[in-house]
Every structure is written in structure tokens, then in C-alpha cells.
Amino acid sequence: MSDITVGYALCGSFCTFRKSIDQMKILIERGYRILPVMSQNAYTMDTRFGKAQDFIQEIEDLCGRPIIHSIVQAEPIGPKKMMDILVISPCTGNTLAKLSHAITDTSVIT
């Protein structure tokens with residue numbers, strides 16, 4: 001078991017959720033603890049690639065903990081040192097632009 005907690009965040013590139021969740025599974029198999037985070041859009045939107053609730057259930061079952069999906073829930077992550085590293089996968093262009101300009105208006109960016 002690793003002592004490393006990976007924050008694993010998903011944004012709204014819905015077509016890549018399956019590949020991203022497969023990578024999350026690999027991290028879990030290798031013994032990493034996963035702190036799941038989803039943007040509000042990723043958490044609430046049903047698309048042709050799947051229903052939000054199905055993805056939520058799968059991720060929460062894999063990680064054994066609820067998904068952080070609001071700014072209020074995400075605020076303690078830094079001060080409480082809840083993760084050692086953050087993976088944003090998929091990372092949309094919108095999220096990348098916000099990161100580069102320090103705009104913290106979603107749970108993933110916060």
C-alpha cells in the first residue's frame with residue numbers, strides 16, 4: 001500500500017471518461033489512495049457517452065469515498081493536505097486556461 005494520496009479530477013471531456021477511469025483503476029491496483037474530484041458539469045451532465053450517475057457510482061465504488069464536486073467541498077483540500085499529487089484527466093482547454101490564469105471557479109481548479 002502506498003502512502004501517496006492522488007487527487008484524481010475529471011472535467012467535462014466526456015468522451016474520454018472511460019479511458020480516464022481505466023487509468024484510475026490502474027492507480028488503485030498499484031496501491032494508491034484516490035481522492036476523486038469532478039467539476040460540476042462532469043458531476044451533473046448526462047451525455048451520449050454515459051449518465052452522470054453511472055460514472056459517479058462507479059468512481060465512488062472504486063475509490064471507497066464520495067466525490068468532491070463543489071467549491072465548498074474542495075476548499076479544505078489544500079489547508080488539510082488531503083492529497084500529495086493532483087491528476088486532472090481529462091483536462092479540458094477551459095480548465096487549463098483557468099489554471100494558467102489562476103481562476104478558481106470550479107471544484108477541480110480550487
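Let me start with Phe-14, which counts as buried because its relative accessibility is 13%, where buried means under 20% relative accessible area, exposed over 50% and partly exposed in between, with a 1.4 Å probe and protein chains only. Please keep in mind that this is a predicted model, in which local features need pLDDT of at least 70 and side-chain atom pairs count only at pLDDT 80 or more, while totals for chains, interfaces and linings use all residues. Residues are numbered from 1 along each chain as its sequence is written, and side-chain values use heavy atoms, with hydrogens and water left out.

Phe-17 is buried too, at 1% relative accessibility, and so is Phe-55, at 8%. Ring pairs join Phe-14, Phe-17 and Phe-55 into a cluster; rings of Phe, Tyr and Trp (its six-membered ring) pair if their centres lie within 6.5 Å, and planes under 30 degrees apart count as stacked, over 60 as edge-to-face and the rest as tilted. By this rule there are two aromatic pairs. The rings of Phe-14 and Phe-17 have centres 5.3 Å apart and planes at 55 degrees, so this pair is tilted. Phe-17 and Phe-55, in turn, are edge-to-face, at 5.1 Å centre to centre and with 80 degrees between the planes.

Now to the core. Of the 16 residues in the largest nonpolar core, those touching the most other members are Leu-10, Phe-17, Met-24, Met-38 and Ile-59; such a core is a set of buried Ala, Val, Leu, Ile, Met, Phe, Trp, Tyr and Cys residues joined through side-chain atoms within 4.5 Å.
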